[in-house]
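Subject: Handover of a model

Dear colleague,

Please find the sequence and the model below. My notes on what was found follow.

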Amino acid sequence: MSRDRVDLWLVLLPAGSDTAAPDLKELDPAERLRVTTFTHPADALLYVTAHVALRRLLGRYTATPPEELRFRREPCPGCGAAHGRPALAQRPAPLHFSLSHSGEVALVGVGAVPLGVDVELLAGEETVAACSQTLHRRERSELVEAEGEEARRRLFGRIWTRKEAFLKGLGTGLSRSPALDYLGADAGRHPDGWTILDIPVGPTHTAAVAVRGPAPSTVELHQFPASWLAGSDCAA
């Protein structure tokens with residue numbers, strides 16, 4: 001895969017929250033155990049759908065049966081322990097990937113350089129008011145200046161998904177304070193060495209991708225075909 005290309009895949013929960021989950025046999029024991037921890041069936045369905053979709057996508061990119069894929073954690077850039085970015089177990093990894101899911105939508109990013117993606121259901125005003133206190137001071141100022149509740153909710157969604165995508169790409173997640181890095185409207189002040197892009201995913205969600213290095217020449221957003229979740233084979 002070219003270093004100048006990033007593929008993004010939008011995965012939609014199939015046909016509503018009462019739909020049967022895809023077959024779990026492609027998931028590893030840790031993923032299957034995670035499924036049993038969800039209280040709400042819709043949350044379990046979204047998790048299974050997202051992780052089966054991720055495995056089937058990576059299987060297509062690497063010509064590997066999805067159930068044979070093995071994952072590891074890269075070293076954390078903060079402490080060096082093995083809880084950084086998820087990666088394919090092969091060393092060196094043939095490609096980089098990132099997964100996020102929220103409110104019946106999942107987003108997968110695949111590229112040849114480190115990246116992070118985030119997708120979030122639009123937050124309510126109470127959540128915006130509470131979580132905005134954790135943001136960079138410039139981001140907080142931009143939220144105060146937003147005209148009206150709807151504009152403020154959408155601006156918060158853009159800032160938050162950019163921030164989570166960047167922190168996932170960095171490999172720290174939210175163990176790094178959200179107040180440290182500015183991901184607001186002024187792209188010139190965004191973290192050095194990273195490209196941050198907003199991703200259009202519909203009126204109910206916001207999404208972003210963070211890519212290490214200069215802006216890729218090609219960023220393509222695809223919708224994951226529902227047929228690829230049916231049965232056990234999504235080979236082209």
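Predicted model: local features only at pLDDT ≥ 70, side-chain atom pairs only at ≥ 80, totals over all residues.

The expected span of a helix is 1.5 Å times one less than its number of residues. Helices (H or I, at least four residues) and strands (E, at least two) are DSSP runs, numbered from the N terminus.

Helix 5 (residues 149–170) has 22 residues, and its end C-alpha atoms are 31 Å apart, close to the 32 Å expected at 1.5 Å a residue.

Residues are numbered from 1 along each chain as its sequence is written, and side-chain values use heavy atoms, with hydrogens and water left out.

The sheet

Strands count as paired if DSSP finds at least two bridges between them. Strands of a sheet pair through backbone hydrogen bonds, either parallel or antiparallel. Here, four strands make an open sheet of mixed pairing, in the order 4-5-1-9. Strand 4 and strand 9 are at the edges with a single partner strand each, so one side of each has no neighbour in the sheet. On average, neighbouring strands are turned by 15° against each other, direction ignored.

The pairings are as follows.

- Strand 4 and strand 5 run antiparallel and are joined by seven bridges; Leu99 stands opposite Val108 in strand 5.
- Strand 1 and strand 5 are also antiparallel, over seven bridges, with Leu8 opposite Gly109 in strand 5.
- Strand 1 and strand 9 (residues 218–223) run parallel, with six bridges between them; Leu8 stands opposite Leu221 in strand 9.

Burial is judged by relative accessible area (buried under 20%, exposed over 50%, partly exposed in between; 1.4 Å probe, protein chains only). By that rule, six of the eight residues of strand 1 are buried.

Helix 2 and the cores

Helix 2 has 22 residues, which should span 32 Å at 1.5 Å a residue; its end C-alpha atoms are 31 Å apart, which agrees. Of these 22 residues, 17 are buried. Ala63 follows helix 2 and has a positive phi, near 55°.

A nonpolar core is a set of buried Ala, Val, Leu, Ile, Met, Phe, Trp, Tyr and Cys residues joined through side-chain atoms within 4.5 Å. The largest one has 24 residues, of which Leu58, Val108 and Phe224 touch the most other members. Two or more residues each come from strand 1 (5–12), helix 2 (41–62), strand 4 (96–102) and strand 5 (105–111). Helix 2 gives the largest share, nine residues. Leaving aside residues up to four places away in sequence, Val108 touches Asp7, Leu8, Trp9, Leu54, Leu57, Ser98 and Leu99. Apart from this core lies another, of 14 residues, including Leu115, Val117, Ala207 and Val209.

Aromatic pairs

Rings of Phe, Tyr and Trp (its six-membered ring) pair if their centres lie within 6.5 Å; planes under 30 degrees apart count as stacked, over 60 as edge-to-face and the rest as tilted. There are six aromatic pairs in the structure. One of them, Phe38 with Tyr47, is tilted, at 5.4 Å centre to centre and 45° between the planes. Phe38 is partly exposed, at 23% relative accessible area, whereas Tyr47 is buried, at 8%. Phe156 and Trp160 are stacked, at 5.7 Å centre to centre and 20° between the planes. They are four residues apart in helix 5, and therefore about one helical turn apart. Phe156 and Trp160 are both buried. Trp9, Phe224 and Trp228 are linked into a cluster by ring pairs.

His205

His205 lies in strand 8 (residues 205–212) and is buried, with a relative accessible area of 6%. Between His205 and Gly103 there are 8.4 Å, C-alpha to C-alpha, although they are 102 residues apart in sequence. Not counting residues up to four places away in sequence, His205 touches Ser102, Gly103, Val105, Val119, Glu120, Leu121 and Leu122.

Regards

Notes. Contact = heavy atoms within 4.5 Å. Axes fitted to C-alpha atoms, helices over the stretch in contact; angles between N-to-C directions.
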